[in-house]
Amino acid sequence: MFTFDTPLANIPSIKKLTLGKLQRLEIFSVRDMLYHFPHRYEDYTEIHPIDSLIPDEKCTLVGTVTDIKAGRTWKKKMLLTEATLVDESGQIRLIWFNQRFVAQTLKSDMQIRVSGKVSRDRDGLIMQNPAFERSERDATHTGRLVPVYPETSGLTSRFFRWQLTGIFQKLAQFPDPVPEEILDRLHLPSLKQALFYIHFPKSEKFALLARKRFAFDEMFFVQLKALQVKALFETARGNPLTCDETALKKFIATFPFTLTNAQKKASTEILADLKKTRPMNRLLNGDVGSGKTIVAAIAAFVAAENGLQTAILAPTEVLARQHFESLSKIFRETQHDITLFTGSYRIFGGTTVTRPTLLKAISAGIPKIIVGTHALLQNDVAFDNLALIVVDEQHRFGVSQRARLQELSYTSLDESKEIVPHFLSMTATPIPRTLTLAFFGNLDLSLLDELPKDRKPIITRIAASNSEREKTYALVRSEIAKGRQAFIIFPLVEESLALKEIKAAVAEHKRLEEEVFPHLKIGLLHGRLKAKEKEEVMRDFQEKKYDILVATAVVEVGINVPNASIIIIEEAERFGLAQLHQFRGRVGRAEHQSYCFLFPHQEAQSINERLKILEKTTNGFTIAEADLGIRGPGAFFGTRQSGMPDIAMENLTNMKLIQIAREEAKLILSEDALLVDHPLLKDALQKFEEQIHLE
Ligand code: ADP
Ligand code: MG
């Protein structure tokens, strides 16, 4: 007999070669196999009499095999097996190409069931490469709602169906982590039922019910985890900061603008948190250009006035450096030093210092505001009195880095007790509400849903034709003549394509330089450049040594070049709306009227419909909701990035499911915070965590 944990290596019917292929899909145990779900089903439930068949119909037939002929095709020398299937009403020819096992198993007078598509050729009706099995057997490959599995690494659906049938026969226990009362309350099937329904559904209804159960499980786990982390924060000891209102007002008065209402509200929420005895754990969710930096600066100022340190983390060196520069300006009139600590830069007291020097200064508590990349998370970086951690674009940090962030704490002098720093996460992707709850269920939320008033809305146009492209280039020339600058963005989609994309960007750079803008200076920025080179290009662009910057998607977040007034995005349809909105946010960062041109690669009605949303609105949250509807949650976070499993991803638009999962998670944790009375659930949650922490 098997259990969930039986390794597939112990199953004699799985050959070594196959085992290797399964491992590549990260399928090692019976459990993994059971959780390898079909991605669709073919409906072969109905059995048709042969004389009723119509070409192009997908159907199941039952009959007797006669006239088996094996041979090779004349031209391509493919293995060929032909046979005739006879039932009471008529007969049909069957043909298989290159399927050795058919020739080996099929015998004359055998009663079989076949499922496939009927077609017609010169000689009448025929079925090509149908699935078949002996009709006295239970329906596995034919005559039912046949599951189709993701067929990668050379593993066929037939293999999965066959193995899963065997596994179900040998599996005695289906330990269910979700308490029965919850399943009853929500009318969800047991784990055993759900696994059976997903692999062997009697009808579409059962498959859906199973998916509903698994979607619940995953969201339930996500929420349990989030609430546990939240509870941990709530019981943790924080450092209540005091806020000197007069000093703060004086600091705010040095800004060259007045705060927007949204910035005021978010700052108030953050300051209230900082005063509490438990650590803040908050997400600042704001549109591009909504001014998150200054809000973070206000929090850092309060910490510094308390004599305590703030770490500000950015996902890349370029962004860290930029934060460093903006914060240096913001804090110019204060006595607080801003320090930069990345892989390549160590700046302290306005000069470059060595790593050991800076480490010593940080651990002595001298610099109060330390901007950096994940380099700040190395184990030898010790803070003296870290009161606040600000993380820009947290989802772009790896899981181990996130874990390290949670560990950062310091020991207070008086009671030698661990103090957990206040935590502020920032994201420039406006995230729809369902997603914040699902992904950041452990965080409190502040929204910056308003742009500074002096902004002119960016004019956005889809430029599909050649003449529009020419007009756009003409506008670029005239804007540059006025002293402005332009971005031209090239898509860089998948890692594996990076080289090809870069070639395209290099070629385009050349074309633009030689043919389109021969008199202008054009820089090139792509992902394969070293951090220093990237930064040099960026700085040169900021210092106007280039008129135009051709870039792959690396400029996506945060880069600030206020003088740029045009952005052109090539093959715009390859990006999601939220991402395009991010790109667009690279311009319109100062008083100049700015433009965004979307050049679609293909001309299709549906593409234009989608892109038109950007023409119509500049509100990031509206765009985010639209993107969520069109492309699903993948539009916001890749599965791997988020650590969110597939089914849960599919269900992130399902507010009701998320809320129900959250309620159930709350309920169970209120009675049993550490899940000691629910060992199966505790265990499953642990496994779930390991599984989503694979990256
Ligand atoms: P983001 O939210 O995208 O990180 P930033 O913090 O980089 O935005 O701010 C974008 C620009 O807007 C910066 O140049 C900043 O100085 C400016 N800014 C921020 N707040 C305001 C405001 N209230 N009024 C005018 N300009 C502002
Ligand atoms: Mg920013």
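Trainee: What makes Phe517 count as buried?

Mentor: Phe517 has a relative accessibility of 2%, and buried means under 20% relative accessible area, with exposed over 50% and partly exposed in between (1.4 Å probe, protein chains only); therefore Phe517 counts as buried. Tyr473 is buried as well, with a relative accessible area of 2%. This is a predicted model, in which local features need pLDDT of at least 70 and side-chain atom pairs count only at pLDDT 80 or more, while totals for chains, interfaces and linings use all residues. Side-chain values use heavy atoms, leaving out hydrogens and water, and residues are numbered from 1 along each chain as its sequence is written.

Trainee: Why is the aromatic pair of Tyr197 and Phe206 called edge-to-face?

Mentor: Rings of Phe, Tyr and Trp (its six-membered ring) pair if their centres lie within 6.5 Å, and planes under 30 degrees apart count as stacked, over 60 as edge-to-face and the rest as tilted. Tyr197 and Phe206 lie 4.8 Å centre to centre with 65° between the planes, so the pair is edge-to-face.

Trainee: Why is Tyr197 called buried?

Mentor: Because its relative accessible area is 15%, Tyr197 is buried.

Trainee: How do you know that the charged end of Lys202 sits over the ring of Phe206?

Mentor: A charge sits over a ring if NZ of Lys or CZ of Arg is within 6 Å of the ring centre and within 35 degrees of the ring normal. The charged end of Lys202 is 4.9 Å from the centre of the Phe206 ring. Arg158 likewise lies over the face of Phe132, at 5.7 Å from the ring centre.

Terms used: Chains lettered and ligands numbered in written order.
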